[in-house]
Amino acid sequence: MENPGHIHKPSTNTLAAKLCHDSGIFCFLLISSLLIALYPIPALGHVNPALAVAQSNINTPNQTNAAHPDTTVSAPDTTVAVTTVTTVTTDTADTADTADTADTADTTDTTDTADTADTTVTADTTDTTDTTDTTDTTDTTDTTDTTDTTDTTDTTDTYSDPSTTTSPDTVPSPSPPAAPDRKPGFTLEGPIDYPAYDSIIMDMANRKTYLFGNYNYAEITYQNIHLKAGYIEIDMNKKELYARGFTDSTGTVINRPVFREGNKEYQSRELRYNFDTRRGIITDVFTEEGQGYLHGSRVKKERDNSTYIQGGMYTTCDLEHPHYHVQFNKARVIPSDKIVTGPANLVIQGVPTPVLVPFGIFPNVQEQSNGILMPSIGESGNRGFFLRDVGYYWGFSDYMDLALTGDIYSRGSWAANATTRYNVRYRFSGALQLEYSVNKFGDPEAADYREDTEFFVRWRHQQSPEARPNANFNAQVQAGSMQHNQYNPQNANDYLSNTFSSSINYSTMFAQRFNLSAGFRHSQNTITKEVDLTLPQVSLSVQRFYPFRKKQRSGPQKWYENITMSYTMDARNEIKTTDSLLMHSDFNDFRNGIKHSVPIRSSIKLFDHLNLDNTLNINGYMYSNSIRKNWSDDTLVSGNDTLYGYVRTDTIHGFTQGYDFSFTSGVNTKLYGMFNFKRGPVQAMRHVLTPSVNFNYRPDFGKDVFGYHLSYMDGHSRSPVNYSIFQNAIYGGPPRGESGRVTFNLQNNLEAKVRDRKDTTKSSRKVMIIRNLSLNMSYDVAKDSLNWSPLTLNAYTTLMNTIDLRFMGTWDPYVVNEQGRTINVTQWERNRKLFRRQKNEWVFNASYRISSSDFGSGKNNEGQTAGNGTPEDNQDQMPSMRSEQPGMDYSASFDHKWDLGINYTFRYTNTYMPDKQGFEYATIQTLGFNANINLTDKWRIGMNSGWDFESSSLSYTSVDIYRDLHCWEMMFNWIPIGFMQSYNLTIRVKAPALHDLKLTKRKTHLDRF
């Protein structure tokens, strides 16, 4: 048979078989490659185990093996009959044994001599690569030739002289083939690709296969495993695979072995693997493990995929020569569990440090796991040494986790925190955080000793829209003690905010018409100590419907068929008190009630241009108590004040209800005016005018027949005083006095159409000049005097999308006397003026942000983030337990070289003061700004501040400096003035797994207590 020899630039080969053993896919790959390599086929091509056919590009006989110059593979000198098989394949996969003349156990082929009907068998003498007699289409009666395919483990095969020819008449009688010595677990589960981009050489005598990639790669791919190297050698005798890089003309080793399984990749200098013992030795390994990188000078891979490392190091730096690492002599890597080392030493920039540990344990898991949360160690000026955020983390499941942490200080202060997160995809997500702390300042024996107990609750819950389309539940809760954010702020906003607010809401729709919502509201002010609590607030509404519209419509609609009705019920229970009295309140301290509203509306078109809208509003009130007032002649002592006679208010418990109604009718339309200009940049101007006139009538519900309003006799003035029995009710009650008010309203909108000079197509753009200018005034026909209300004017517009201008003014048509009371004399009657200016207010607000990208500088290192690792790393972390330094948010990116934001508000008010017979002027100004400057790709400086015009000083100010140190980062936060005056310097490893490997120097605002 001719030697396949040296093949150049082959195409892709694949092999399909199965492997039973479950010891590891990497082992499967190596075994499969060996089986393929020893087949008498060209370097690349598709091999079918049942049929192997000779291919072209065969070199001349006696070609010297390039990989082993001393080895010569001989080619056959003469043609061979079919019984003289000269090609020997691998003993372990001899599925096509057709060239072994010395195969004494292979007696199946010799049955040709007794086959007297096989007259054309001599034609097989030219078929030197006839791997199975089943391809001999002329041998119609040689049925026993097919038994050659079962000779897969012929251990007696030896390589014979291919020039030897055996006559069919002298072949001994066949004997039964020996039972194959098959080893279990050698069946492939899919095809294998094994291209070599330079060449493939097969040494039949020594049973070796050589794959050369040289300046490219030789590769082996099996399922999710891929191995590539500059050179790969397979030794069938030793059952070993060897891979290394390629040394170029300069002596540099390139294309070192790279092994990838799934998303895991190993890089090494050399790789040797025994597929019989399923163990391997890897030299100079570099691989990613968990959140770090593992280096090893010598690595032994075990049957269970665990590895032993000699002379290695662990780091989170991705460089070949890392900035820092933990050096160890021995280590074991347990897949999807941990990395355990012996004695280890921290090395920074190649310099060993005094930091020594007797052993090291590093996480090596991608999924959730439980474990101890390492504390931060430090010192606080007035609370002593501390351990902060020490605790334990439980990953209960893929949907929920829990972290319990605590702080302890040497001078007695302590804190406990619990944080849990939950997330069920397409259903809901949220987090709950509970904090409790005891802060002790100073010496217990000193007069300035201070002890405060603080708590805080944070809860966030969000329901996914896909969970229940007709129902929704969400919560946003922030509640706690008043001084919590002064002692334990998580960020600058916590410290600067003086209001906590919470809301819990549930809403649903049923019967495709009814809407139900229930909620909880909470608000507290840290300055005034006031607390507003609403528990619960329920609302039920019925969507608008047409009571007089027929289901089966015929002919045009009647006017009454457009009448609509709806219904709304509101119920609320609330209390307004101080934080110290809240826990001592009972149900009688709450205000509660129910209000029903039934609006009935109709709309009619008049003269094709006017809209006539009529509305009848009916309201009902239900309360659990009402009030009664009486004059008492007793003496009342309140503090230092003594009252001789006072009004006594009694609360009458019991169900009380009332109702009122009002009728409104209005006419409105829209008028458009267009002005075109032939010259200049302005093409046209459009003025939209919306006039409306409304009439509202309400009866007098203060009459005695209703019983909603009573009176008592004032003991001092000896005159009756009217009051409402629903005076303190949550929704009020029916109002006193008849009203018949006619309201006039005029709204204006003005916009221009301007040619766009930047657009070469001469297109135009709209510019809003006045977004809204409205005039409003009313006349009450039911009053006997002062029928006209003040004229109000509101104007609003925006300039250049950055400046907002607002104007609000009121003008009174009546005269004011010397006591400041408005009398029934018009300005026209006394001063020949229509109105008297009462109050004007101007508001100017400008906010502007500018960055380097606005000047064509582009982005700086787009995608690179400054902060605690990558954005994905930050998202995976637990919510922050607590930070003693607010405002330290270094998650900003290096997208812009610099950016600057400014916000300025100016408010000017003048109000007429009757007692001074003149105007009082007041101005309010606020200025805030923030800036970020990226000095280089690694340095970033940020600043937040503002100017307090009232005190003529800077408001809350902070300076942040960030330095990206590749695998490390430096953060410096400085608050130079104010209550939060402090600084914090931290240098730490970026990777979250080693955040505790850091150096910190700080001074907090609490150290000043």
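Let's start with accessibility: a residue is buried when its relative accessible area is under 20%, exposed when it is over 50%, and partly exposed in between, using a 1.4 Å probe and protein chains only. What you have here is a predicted model, where local features need pLDDT of at least 70 and side-chain atom pairs count only at pLDDT 80 or more, while totals for chains, interfaces and linings use all residues. Residues are numbered from 1 along each chain as its sequence is written, and side-chain values use heavy atoms, with hydrogens and water left out.

Now for the charged pairs. Side chains of opposite charge can pair when their charged atoms come close. The rule used here for a salt bridge is a side-chain nitrogen of Lys or Arg within 4 Å of a carboxyl oxygen of Asp or Glu, and by that rule the count comes to 19. Take R279 and E302, whose side chains meet in a salt bridge at 2.9 Å, N to O. This pair links distant parts of the chain, 23 residues apart: R279 sits in strand β16 (residues 279-289), and E302 is in the loop between β17 (292-301) and β18 (307-315). Strands, by the way, are DSSP runs of E with at least two residues, while helices are runs of H or I with at least four, and the numbering starts from the N terminus. R279 is partly exposed at 34% relative accessible area, whereas E302 is buried at 13%. E302 also meets K300 in a salt bridge, at 3.6 Å from N to O, and K300 counts as partly exposed at 37%.

R849 is partly exposed, at 46%, and D899 is buried, at 14%.

On to the rings. A pair of aromatic rings is described by the distance of the centres and the angle of the planes. Rings of Phe, Tyr and Trp (its six-membered ring) pair if their centres lie within 6.5 Å; planes under 30 degrees apart count as stacked, over 60 as edge-to-face, and the rest as tilted. The structure holds 25 aromatic pairs. In one of them, F807 and W842 are tilted, at 4.6 Å centre to centre and 50° between the planes. F807 lies in strand β46 (residues 803-812) and W842 in strand β49, so the pair ties together parts that are 35 residues apart in sequence. F807 is buried, at 11%, but W842 is partly exposed, at 47%.

Y904 and F949 make an edge-to-face pair because their planes are at 70°, with the ring centres 6.4 Å apart. Y904 is in strand β50, and F949 is 45 residues away in the loop between β52 (939-948) and β53 (953-954). Both are partly exposed: Y904 at 23% and F949 at 30%. There is also one aromatic cluster formed by Y623, F661, F701, F706, Y708 and F726.

Finally, look at charges over rings, meaning NZ of Lys or CZ of Arg within 6 Å of the ring centre and within 35 degrees of the ring normal. The charged end of K228 sits over the ring of Y217, 4.6 Å from its centre. R549 lies over the face of Y546, at 3.8 Å from the ring centre.
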